[in-house]
Amino acid sequence: MRNKQAELIKSMTDEELYKQLLLTQGLLLIAAAVIGFLTFDGIEQFSSQLQISTMSLLLGFMAGLVVVGLDLAGMKYFPPAYYDDGGINERIFQSLSIPRIFFLTALIAIGEEVLFRGVIQANWGIWVASGIFAVIHIRYLSHWYLFLNICLLSLFIGYIFEITGSLWATILMHFIIDL
(Lines give C-alpha, C1' and ligand atoms only; values in the text may rest on other atoms or scores of the structure.)
Protein backbone atom coordinates (compact mmCIF):
# COMPACT_ATOMS: atom_id res chain seq x y z
CA MET A 1 0.00 0.00 0.00
CA ARG A 2 2.79 2.40 0.95
CA ASN A 3 4.68 1.60 -2.25
CA LYS A 4 1.60 2.29 -4.41
CA GLN A 5 1.11 5.64 -2.73
CA ALA A 6 4.80 6.47 -3.08
CA GLU A 7 4.72 5.60 -6.79
CA LEU A 8 1.61 7.70 -7.35
CA ILE A 9 3.19 10.67 -5.58
CA LYS A 10 6.42 10.28 -7.57
CA SER A 11 4.45 10.38 -10.83
CA MET A 12 2.84 13.76 -9.99
CA THR A 13 4.37 17.12 -10.77
CA ASP A 14 5.20 19.39 -7.85
CA GLU A 15 2.22 21.63 -8.64
CA GLU A 16 -0.18 18.66 -8.96
CA LEU A 17 0.98 17.32 -5.62
CA TYR A 18 0.55 20.71 -3.95
CA LYS A 19 -2.96 21.10 -5.39
CA GLN A 20 -3.90 17.60 -4.22
CA LEU A 21 -2.75 18.42 -0.71
CA LEU A 22 -4.82 21.61 -0.74
CA LEU A 23 -7.82 19.65 -2.03
CA THR A 24 -7.43 17.00 0.67
CA GLN A 25 -7.31 19.60 3.43
CA GLY A 26 -10.30 21.39 1.94
CA LEU A 27 -12.23 18.11 1.98
CA LEU A 28 -11.31 17.60 5.65
CA LEU A 29 -12.68 21.05 6.47
CA ILE A 30 -15.88 20.35 4.51
CA ALA A 31 -16.25 17.02 6.34
CA ALA A 32 -15.76 18.83 9.66
CA ALA A 33 -18.42 21.40 8.73
CA VAL A 34 -20.95 18.77 7.64
CA ILE A 35 -20.38 16.41 10.58
CA GLY A 36 -20.30 19.36 12.98
CA PHE A 37 -23.58 20.70 11.58
CA LEU A 38 -25.19 17.28 12.05
CA THR A 39 -23.84 16.62 15.56
CA PHE A 40 -23.60 19.92 17.41
CA ASP A 41 -26.67 21.61 18.86
CA GLY A 42 -25.44 24.98 17.63
CA ILE A 43 -22.41 26.99 16.60
CA GLU A 44 -21.82 27.99 20.23
CA GLN A 45 -21.06 24.39 21.14
CA PHE A 46 -18.24 24.33 18.56
CA SER A 47 -17.04 27.92 18.97
CA SER A 48 -16.38 27.42 22.69
CA GLN A 49 -13.36 25.35 21.58
CA LEU A 50 -11.89 28.39 19.82
CA GLN A 51 -11.23 30.44 22.91
CA ILE A 52 -7.63 31.52 23.14
CA SER A 53 -5.69 31.64 26.36
CA THR A 54 -2.00 32.21 26.88
CA MET A 55 -1.80 29.05 28.99
CA SER A 56 -3.38 26.78 26.36
CA LEU A 57 -1.16 28.23 23.62
CA LEU A 58 1.91 27.80 25.81
CA LEU A 59 0.93 24.21 26.57
CA GLY A 60 0.35 23.47 22.86
CA PHE A 61 3.68 25.07 21.95
CA MET A 62 5.62 23.19 24.63
CA ALA A 63 3.90 19.87 23.82
CA GLY A 64 4.82 20.35 20.14
CA LEU A 65 8.45 20.95 21.06
CA VAL A 66 8.49 17.85 23.29
CA VAL A 67 7.20 15.71 20.41
CA VAL A 68 9.77 17.18 18.00
CA GLY A 69 12.53 16.57 20.56
CA LEU A 70 11.46 12.96 21.07
CA ASP A 71 11.26 12.47 17.31
CA LEU A 72 14.75 13.88 16.79
CA ALA A 73 16.10 11.64 19.55
CA GLY A 74 14.40 8.65 17.94
CA MET A 75 15.96 9.50 14.59
CA LYS A 76 19.36 9.61 16.26
CA TYR A 77 19.09 6.33 18.17
CA PHE A 78 16.77 4.13 16.07
CA PRO A 79 17.66 2.63 12.70
CA PRO A 80 16.72 4.85 9.73
CA ALA A 81 14.30 2.14 8.52
CA TYR A 82 12.04 2.98 11.48
CA TYR A 83 11.31 6.37 9.92
CA ASP A 84 11.10 5.27 6.29
CA ASP A 85 7.71 6.26 4.86
CA GLY A 86 8.81 5.41 1.33
CA GLY A 87 10.11 8.93 0.75
CA ILE A 88 6.59 10.39 0.68
CA ASN A 89 7.16 13.23 3.16
CA GLU A 90 10.42 14.17 1.48
CA ARG A 91 8.74 14.20 -1.94
CA ILE A 92 5.88 16.33 -0.68
CA PHE A 93 8.03 19.02 0.92
CA GLN A 94 11.30 19.01 -1.06
CA SER A 95 10.19 21.41 -3.77
CA LEU A 96 8.07 23.77 -1.68
CA SER A 97 9.20 27.27 -0.87
CA ILE A 98 9.42 28.27 2.81
CA PRO A 99 6.16 30.31 2.63
CA ARG A 100 4.35 27.35 1.02
CA ILE A 101 5.68 24.99 3.71
CA PHE A 102 4.39 27.35 6.43
CA PHE A 103 1.04 27.71 4.68
CA LEU A 104 0.63 23.99 4.02
CA THR A 105 1.62 22.91 7.54
CA ALA A 106 -0.77 25.51 8.99
CA LEU A 107 -3.59 24.33 6.71
CA ILE A 108 -2.94 20.69 7.61
CA ALA A 109 -2.91 21.50 11.32
CA ILE A 110 -6.14 23.49 11.08
CA GLY A 111 -7.98 20.99 8.87
CA GLU A 112 -7.01 17.90 10.81
CA GLU A 113 -7.48 19.40 14.27
CA VAL A 114 -10.87 20.95 13.50
CA LEU A 115 -12.10 17.59 12.19
CA PHE A 116 -10.43 15.17 14.60
CA ARG A 117 -10.44 17.12 17.87
CA GLY A 118 -13.05 19.81 17.32
CA VAL A 119 -15.70 17.55 15.80
CA ILE A 120 -14.93 13.84 16.19
CA GLN A 121 -13.28 13.92 19.63
CA ALA A 122 -15.80 16.45 20.93
CA ASN A 123 -18.65 14.14 19.92
CA TRP A 124 -17.29 10.59 20.21
CA GLY A 125 -14.19 10.79 22.39
CA ILE A 126 -10.45 10.57 22.21
CA TRP A 127 -10.26 6.87 21.23
CA VAL A 128 -12.52 7.21 18.18
CA ALA A 129 -10.77 10.41 17.05
CA SER A 130 -7.30 8.91 17.53
CA GLY A 131 -8.21 5.69 15.75
CA ILE A 132 -9.60 7.48 12.71
CA PHE A 133 -6.68 9.94 12.72
CA ALA A 134 -4.21 7.02 12.64
CA VAL A 135 -6.07 5.22 9.85
CA ILE A 136 -6.21 8.26 7.55
CA HIS A 137 -2.42 8.37 7.69
CA ILE A 138 -2.63 5.32 5.45
CA ARG A 139 1.02 5.19 4.49
CA TYR A 140 1.89 4.31 8.10
CA LEU A 141 -0.46 1.31 8.36
CA SER A 142 2.08 -1.16 6.95
CA HIS A 143 4.99 0.12 9.04
CA TRP A 144 4.67 -0.89 12.71
CA TYR A 145 6.87 1.84 14.17
CA LEU A 146 5.33 4.72 12.22
CA PHE A 147 1.83 3.40 12.94
CA LEU A 148 2.55 3.10 16.67
CA ASN A 149 4.11 6.57 16.55
CA ILE A 150 1.03 8.14 14.89
CA CYS A 151 -1.34 6.35 17.30
CA LEU A 152 0.55 7.60 20.37
CA LEU A 153 0.89 11.06 18.86
CA SER A 154 -2.83 11.25 18.18
CA LEU A 155 -3.63 10.21 21.75
CA PHE A 156 -1.23 12.84 23.08
CA ILE A 157 -2.74 15.57 20.90
CA GLY A 158 -6.18 14.40 22.05
CA TYR A 159 -5.04 14.59 25.67
CA ILE A 160 -3.84 18.17 25.15
CA PHE A 161 -7.28 18.97 23.75
CA GLU A 162 -8.95 17.30 26.74
CA ILE A 163 -6.99 19.30 29.30
CA THR A 164 -7.13 22.66 27.51
CA GLY A 165 -10.49 22.46 25.73
CA SER A 166 -8.78 24.58 23.07
CA LEU A 167 -8.43 23.80 19.40
CA TRP A 168 -5.78 26.52 19.18
CA ALA A 169 -3.55 24.53 21.53
CA THR A 170 -3.76 21.42 19.33
CA ILE A 171 -3.51 23.39 16.09
CA LEU A 172 -0.32 25.06 17.32
CA MET A 173 1.04 21.73 18.55
CA HIS A 174 0.24 19.99 15.24
CA PHE A 175 1.75 22.89 13.26
CA ILE A 176 5.01 22.73 15.20
CA ILE A 177 5.27 18.96 14.77
CA ASP A 178 4.59 19.08 11.02
CA LEU A 179 6.78 22.10 10.41
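How many Å should the 21 residues of α8 span at 1.5 Å a residue, and how far apart are its end C-alpha atoms? The 21 residues should span 30 Å, and the end C-alpha atoms are 30 Å apart, which agrees; the expected span is 1.5 Å times one less than the number of residues.

Before going on, note that this is a predicted model, in which local features need pLDDT of at least 70, side-chain atom pairs count only at pLDDT 80 or more, and totals for chains, interfaces and linings use all residues. Residues are numbered from 1 along each chain as its sequence is written, and side-chain values use heavy atoms, with hydrogens and water left out.

**Stop 1: α8**

Stay with α8 (144–164); helices here are DSSP runs (H or I, at least four residues), numbered from the N terminus. Select its buried residues, Tyr145, Leu146, Ile150, Leu153, Ser154, Ile157, Gly158, Ile160 and Phe161, where buried means under 20% relative accessible area, exposed over 50%, and partly exposed in between (1.4 Å probe, protein chains only). These buried residues pack against α4, α6, α7 (126–136) and α9. Then step to Gly165, which follows α8 and has a positive phi, near 65°.

**Stop 2: α4 and its partner α9**

Select α4 (residues 54–77), whose 24 residues reach 35 Å from first C-alpha to last, close to the 34 Å expected at 1.5 Å a residue. Its buried residues are Ser56, Gly60, Ala63, Gly64, Val67 and Gly74, and they pack against α8 and α9 (167–178).

Two packed helices are described by the angle between their axes and the distance between the axes. The axes of α4 and α9 come within 8 Å and cross at roughly 25°; axes are lines fitted to C-alpha atoms, for helices over the stretch in contact, and angles run from 0 to 180 degrees between N-to-C directions. That makes α4 roughly parallel to α9, a term for angles under 35 degrees.

To see where they meet (contact means heavy atoms within 4.5 Å), select Ser56, Leu57, Gly60, Phe61, Ala63, Gly64, Leu65, Val67 and Val68 in α4, together with Trp168, Ala169, Leu172, Met173, Ile176 and Ile177 in α9. The residues of this contact divide into twelve nonpolar, three polar and no charged, with Ala, Val, Leu, Ile, Met, Phe, Trp, Tyr, Cys and Pro counted as nonpolar, Asp, Glu, Lys and Arg as charged, and the others, Gly among them, as polar.

**Stop 3: His174**

Still in α9, centre the view on His174, which is buried, with a relative accessible area of 5%. Leaving aside neighbours within four places in sequence, His174 is in contact with Ile108, Ala109, Glu112, Glu113, Phe133 and Ile157.

**Stop 4: α2 and α6**

Next select α2 (residues 14–39) and α6 (residues 98–124), which pack at an angle of about 25° with their axes 9 Å apart. That makes α2 roughly parallel to α6, and their crossing is left-handed. By class, this contact has 17 nonpolar, five polar and three charged residues.

Within α6, pick out Ala106, which is partly exposed, with a relative accessible area of 26%.

**Stop 5: Arg91**

Finish at Arg91 in α5 (residues 88–93), a residue that is buried, with a relative accessible area of 12%. Not counting residues up to four places away in sequence, Arg91 touches Ile9, Lys10, Met12, Thr13, Asp14 and Leu17.

Technical notes: Helix = DSSP H or I, 4+ residues; strand = E, 2+ residues; numbered from the N terminus. Parallel < 35°, antiparallel > 145°, perpendicular 65-115°, else oblique. Left-handed = near helix turned anticlockwise from the far one by under 90°.
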